[in-house]
Amino acid sequence: MKHLRKFSLAAVCVAGLGFFAFRNDERFFEIARNLDIYATLFKELNRYYVDEINPNRLTKMSIESMLKNLDPYTNFYAEDEIEDYRTMTTGQYTGIGAVISSVKGKNIVFSILDDSPAEKSGLHIGDEIVKIDGVDLTTRKDANPDKLMKGQANSSVKLTVKRVGSKEPIDINVTREFVKTGNVPYYGMLNDEVGYIDLKDFNQTAAREVKTALIELKGKGMKKLVLDVRENPGGLLDQAVLICNLFIPKDAEVVSNRGKVTEWNKTYTAPMAPVDTDIPLVVLVNGRSASAAEIVSGVMQDYDRGVLIGQRTYGKGLVQTTRDLSYNTKLKVTVAKYYIPSGRCIQAIDYSHRNADGSVGKIPDSLKVAFKTRNGRVVYDGGGVEPDIVTELPSRSPIVTSLSAKGLIFDYALKYRAEHPTIKPAKEFELSDSDYQNFVTWLKDKEYDYTTQVEKDLSELEASAKKEKYFDAIQEQFKALKTKLTHSKDADLANFKKEIKHILEREIVSHYYLQKGEREFVFRNDPEVKTALDLFKDSSRYTKILQGQK
């Protein structure tokens, strides 16, 4: 009987191994079978389809369609996109440092990097590029202005531009350089004690840039720090680890990866001595703070190292690695999820369904799991990092949305710069009432319209009333209400003057002073910055929040 049991156990084990082998063989067979189907289909299409097909384009489309069914971060890069991929990971390319956008068929300079060749050459935001080294972009619709402007370092490119306020086209010679899209576009002092670092990316030099800014600000007397990772989409994991290390002790756990390939699983700890483990810290976050930005903010929260202010973060707790494919192509593939020191993974439970602004929707409490910070504060997984102090995202009025979408704010800023060679410093610039009235007058013959939420609700009410046969009884009252609530552009230009004026001032400042100036300007009305400054004034509240006593 004993031998029979041993034989039965061995039989089960052998059967299990056989089943595993069968399952593996079956899986490999399915992969081979489907690849053969794909190859056969491609050959038949190429041979018999009525029109000529582009094999590169068709293959790329089929790959992208396949990957679309996985997650948003597993991507394929064709050979002609490798340079863009390198720019994304290194933050460096050889060019002029200007972003060109196609607006109504025109190639418009939409933004210029600070201290870039484009700025040094005198190129302006709003310039229309009509020729690049003699290539006429108005007739050569197939020409790619971004690629034409890139080239060898120290080589020259000749741009012919049309500029608002100039009757004749202007020729501008720009010397290409290694352009670095900085991770820290701005840092400085908000007041005598509070420093500010704007961290917008996590490419290969992010930690070095943040450390440089941190040390320089401490040298200027900084006693408290605001670290801003709003609108930061993330980037390299090692840079997130090093940035956390600036504020937490050496050897403290930062993040761990767990995935299918177990030998790739790893726990990352702070590798060096920190710069400052005591300085009061506020981290600003919003719905577009993702990935590495969420590691930094989540780690600061897990160690009760700083107070988070803003809106819940994006919820990307996935790790990607790059695999080389044939013919100089690449696959960026999700291989793991990451977990921060409390044990939580901030990956949104359902990343395919989000709010219109990209933020995580409401997650049922039943799907959340509670974790604790070092001081015992309760935090949750499953949908980004929840700030300690939540601020409301300011909403735009319909008229401002329309003016921006139609490009009228941008166009008036071009007109204003053409008429005003200089303006006051970014921190001091303000439009007068007469300046605003000039803008209102300029809008008179411009086309823009919009529908307010009240008007949408009225339309739905009218449709429901008609469907349910109540409309005839309330028709007169409804018409009177509709007349009273239908928007008037003139009234809205007066009622929303403060909001319109602010966004117009911000746009104008960016045309003169680029990113740094725009950052300095927005401090005046930045709700999260104001909340941070108020919190720093109340040190007891700051301490209570980190102790879980808020």
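User: What supplies the lining of the second largest pocket?

Analyst: In this predicted model, helix H1 (2–48), helix H2 (55–68) and strand E18 (330–339) each contribute at least two residues to that lining. H1 provides the largest share, six residues. The lining has 17 residues in total, and Ile 31, Leu 35, Met 66, Leu 67 and Leu 331 lie nearest the centre of the pocket. The volume of the second largest pocket is about 570 Å³.

User: How do the residues of this lining divide into nonpolar, polar and charged?

Analyst: The lining of the second largest pocket holds 11 nonpolar, three polar and three charged residues.

User: Why is Asn 203 called buried?

Analyst: Buried means under 20% relative accessible area. Asn 203 has a relative accessible area of 0%, so Asn 203 is buried. Its place is in the loop between strand E11 (194–198) and helix H6 (206–219).

User: Which residues have the most contacts inside the largest nonpolar core?

Analyst: They are Ile 197, Ile 248, Val 254, Ile 295, Val 299 and Val 307, in a core of 61 residues. Leaving aside neighbours within four places in sequence, Val 299 is in contact with Cys 244, Ile 248, Val 254, Ile 340 and Pro 341. Apart from this core lies another, of 28 residues, including Leu 408, Phe 429, Leu 431 and Tyr 436.

Notes. Residues numbered from 1 in each chain as written. Predicted model: local features only at pLDDT ≥ 70, side-chain atom pairs only at ≥ 80, totals over all residues. Heavy atoms only, no water. Core = buried A, V, L, I, M, F, W, Y, C linked by side-chain atoms within 4.5 Å. Buried < 20%, exposed > 50% of the residue type's maximum accessible area, 1.4 Å probe, protein only. Contact = heavy atoms within 4.5 Å. Helix = DSSP H or I, 4+ residues; strand = E, 2+ residues; numbered from the N terminus. 1 Å grid on protein atoms, 1.4 Å probe; cavity = no way out; pocket = protein on both sides within 12 Å on 5 of 7 lines; lining within 4 Å. Points joined across faces, edges and corners; volume = space filled by probe spheres on them. Nonpolar A, V, L, I, M, F, W, Y, C, P; charged D, E, K, R; others polar.
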